[in-house]
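I opened a notebook for this structure and wrote down each thing as I looked it up. The entries follow in that order.

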Amino acid sequence: MDSTTTEPSSTAAGTTTAGTAADRGREAAVEAALGRLDLTAKVALLAGADMWSLPANAEIGLGRLVMSDGPAGVRGEQWTPDDPSIAIPAPTALAATWDPDLVRRTGGLLAQEARRKGVHVVLAPTVNLHRSPRGGRHFEAYSEDPLLTGEIGAALVAGIQAGGVATTPKHWVANDSETDRYTVDVRADERTLRELYLAPFEAIVRKARPWGLMAAYNRVGGHSMSEHAELNNGVLRAEWGFDGVLVSDWTGARDTVRAALGGLDIAMPGPVTVYGEHLVAAVRDGRVPEAAVDELARRVLRLAARVGLLAGAPAAVPEPPADVDGEALAREVAARSFTLVRNQGALPLDPAPGSVAVIGAAAAQPRIGGGGSAQVFPTGVVSPLAGLRAALPPSTALGYALGADPAVHLAPLAAPVEAVLLGSGGAELGTAGLPDGGVRWIGRLPGGVGFADLRAVRITGVLQPQTTGVHRLGIRGQGRFLLEAGGRTLFDGEVRYQGTDPAGAFLNPPEEVLELDLDSTAPIELTLTHSLSKAPEFAGFGMVSFALGHGAPVGTEDELIDEAVALAASADVAVVVVATTEEVESEGVDRAGLALPGRQDELVRRVAQVNPRTVVVVNAGAPVLMPWREQVAAVLLTWFPGQEAGAALGEVLLGIREPGGRLPTTWPAAEADCPVWRVEPVDGRLDYREGLFVGYPAWQRRGGAAPAYWFGHGLGYTDWEYQGLDVRLRRPGPGEDPYAARAEAVVLVRNTGARTGRETVQVYLAPGGADPDRPDRRLAGFAVVEAAPGEVAEVRVELPLRAFQTWGADGWTTRPGRYTVEAGRSVADPRATAVLELPDGG
Ligand code: BGC
């Protein structure tokens, strides 16, 4: 449970208490460099030179500093598949492992990817809370619980930074939903902010010492987070000792003076920002003291020095750690995150079933990650279908049926295309080869073409139809398009975006679909030309994004379901993979509801009616409703599993690996039961009026409907008996470290099953006495343990001082008295309890 500290501690003033000679050397080099810069040069350090980087300064030996998203892999400076990355499972999956050691190793892989791509800062982890299941970026955050979020987040930061690469835990703070995200004003009382939303950031800052943090778009208590002097300079820096940089979310810096005085070090992206000449002018006319700019520039130089970009300053990590096998780790994490919520003896599968029916669009094309800035492009994806084929013996007959396809947009043409960039008068400015029909250029164009010169982009590819019949071609994007097939014009007109989020046209563009009769023997050339009346841009940076989509002929929806049911009826086992879509789970929009899109619920029900051994695999990053869950033999949640999706699934279904996940968030049975549903602000404000009652504390307090599956729930392939729980007080630690253990729970668990397994021992703390303002119980610690059949494992779980504290008018107060300690398999499944008396005075 401890997170490695990679840097020395710091003082309230934001200067490091340089512990080692290297630390002192780094600070001295920073001061020397700062002393050589005039006002304009210092200000130049504080804003993006382009979409992803800060400018170099040769005079002081400062290199160009590159940042990149994000939590599920390191995308680099391109937003296209031609610069591929290892796609690890999405953040909810990382949290479902409940294993900080594994997450730290995963951070090491992200650092390795960052170094390979010339990236110095990874814009991760996302540590906002799962306040409502409707949050569009739910898949990108960890949990409804602040302790679990903080532990997983600190582990990822420690892992990345141990590789010499900086992190920016985000989005500081209360960016827990997407509706009106640029302007929404979150209102929460101080206790709620401290105990829930600030808590993961505090744990990460104090334990893992991130070298950066990203300010959220939203406001808190009326102030934009990029200008929030009280939280940025007061709480984060003075109180917690954060000495890293605070970077704006992209386009999130709005006011020169308020941002500079509010402690925002870096305005991204560039080159058009509220800093630059505006900040120079503000200093010259006395609105911002130059000392404030020095403080911002000092922190940017410190960041550069830490990542090895400032001449004469020793990097924080002189030698990168040994290489990690990325594919193997992505597979291990996926399997360890898969959460088996129901199993009526169906899993693991018989090692050599006679026949298996694999059903569902996502079985052939899984969703490996959520939409938006967390997106990365791997070199390849192992589908569930391919993974199962590889894991099953050749004697097993494997059949596939689509069943139901929830996709509302066509996939980009799966063939290489040639892109030609055209200037005025149709002059050819440059060309680029793309792996498929998707074009996505942000901040820079191929071949160094300038956005101001670009007037059109033409892509050409050859479609080789596999089936004769009516094919669909899609134009996905916004603006003017001309689509030609075999020299014939199919569309010449405008495609318009109807949404309101300014980034939505890019993250979630509209689509025009055309139909075309094709013959499987005749390849056809397709050309899509996108004309631009003026240089395309969003908030100062250029951007071109559109796609040529393709869909092969398919039967009617009824026919597809009938085919799948017939296949299932004839097979020994049916594996149905259901999924959300890009429209349902993505940055930029919140979810309208939690039902699986399309006719997938009907598909599952009908398959289960004909095959008693129906295993449902849920490929979603956030809770979905599963009204059929009691009618199927097993339900396995695989989250957004990254590129090794099917490889991990094959191993888990066959029992080669055990599913290791436990729910990081409670899964509701019905929408109406969710304790927090609304994410729409009223008059610009989003009131967190439920206070501390978010997630399982809210479900437990209501005493009404039970959820489908509780926080912490998850089954393995063996059984466990909790044989004892002993809780001891520890001596209060020196100083006031809230994360020092104040007590320790020693739990004895015995593997009573027939195979080696892994158990996630969860320890909850329930305060005595009736206090309606305090949750009944809260997670206070956890540990993962492995044991062979019959073996008894002794698990030690530290309970930090903070677990015994609440926030009040006098700040953090330790609450003495009688606590019940519960050790168990979920928040609602205690297996052993003990009583702990915390003496007066803490
Ligand atoms: C997101 C950030 C992301 C940034 C850069 C923003 O829209 O909110 O999480 O890091 O874009 O892609």
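This is a predicted model: local features need pLDDT of at least 70, side-chain atom pairs count only at pLDDT 80 or more; totals for chains, interfaces and linings use all residues.

Entry 1, aromatic pairs. I began with the rings and counted 15 aromatic pairs. The rule I used takes rings of Phe, Tyr and Trp (its six-membered ring) with centres within 6.5 Å; planes under 30 degrees apart are stacked, over 60 edge-to-face, and the rest tilted. Tyr696 belongs to helix H19 (residues 696-702) and Tyr764 to strand E31 (residues 757-767), so the pair links distant parts of the chain, 68 residues apart. Helices (H or I, at least four residues) and strands (E, at least two) are DSSP runs, numbered from the N terminus.

Residues are numbered from 1 along each chain as its sequence is written, and side-chain values use heavy atoms, with hydrogens and water left out.

I counted 59 salt bridges, each being a side-chain nitrogen of Lys or Arg within 4 Å of a carboxyl oxygen of Asp or Glu. In the bridge between Glu151 and Lys207, the closest N and O atoms are 2.7 Å apart. Glu151 sits in helix H5 (residues 146-161) and Lys207 in helix H7 (residues 199-208), so this pair ties together parts 56 residues apart in sequence.

The domain assignment gives domain 1 (22-306), domain 2 (333-405 + 556-665), domain 3 (417-496 + 512-551) and domain 4 (720-838). Such bounds come from an automatic or database domain assignment. I took up domains 1 and 2, whose centres, taken over C-alpha atoms, are 36 Å apart.

I found 43 residues of domain 1 in contact with 39 residues of domain 2, where contact means heavy atoms within 4.5 Å. The two domains bury about 3200 Å² between them, 60% of it on carbon and sulfur atoms. Buried area is the accessible area (1.4 Å probe) that two parts lose on being put together, summed over both. Ala87, Arg134 and Phe139 supply 18% of the area that domain 1 buries against domain 2, more than any other three residues.

I counted three salt bridges between domain 1 and domain 2. I also looked up the salt bridge of Arg181 with Glu587, where the closest N and O atoms are 3.0 Å apart.

Which peptide bonds did I look up as cis? The bond from Asp69 to Gly70 is cis, with omega near 0°, and Gly70 is in the loop between strand E2 (65-68) and H3. Another cis bond joins Met268 and Pro269, with omega about -10°. Pro269 lies in the loop between helix H9 (256-261) and helix H10 (277-284). Last, I noted that phi of Thr251 is near 75°, a positive value in a residue other than glycine. Thr251 is in the loop between strand E9 (245-248) and H9.
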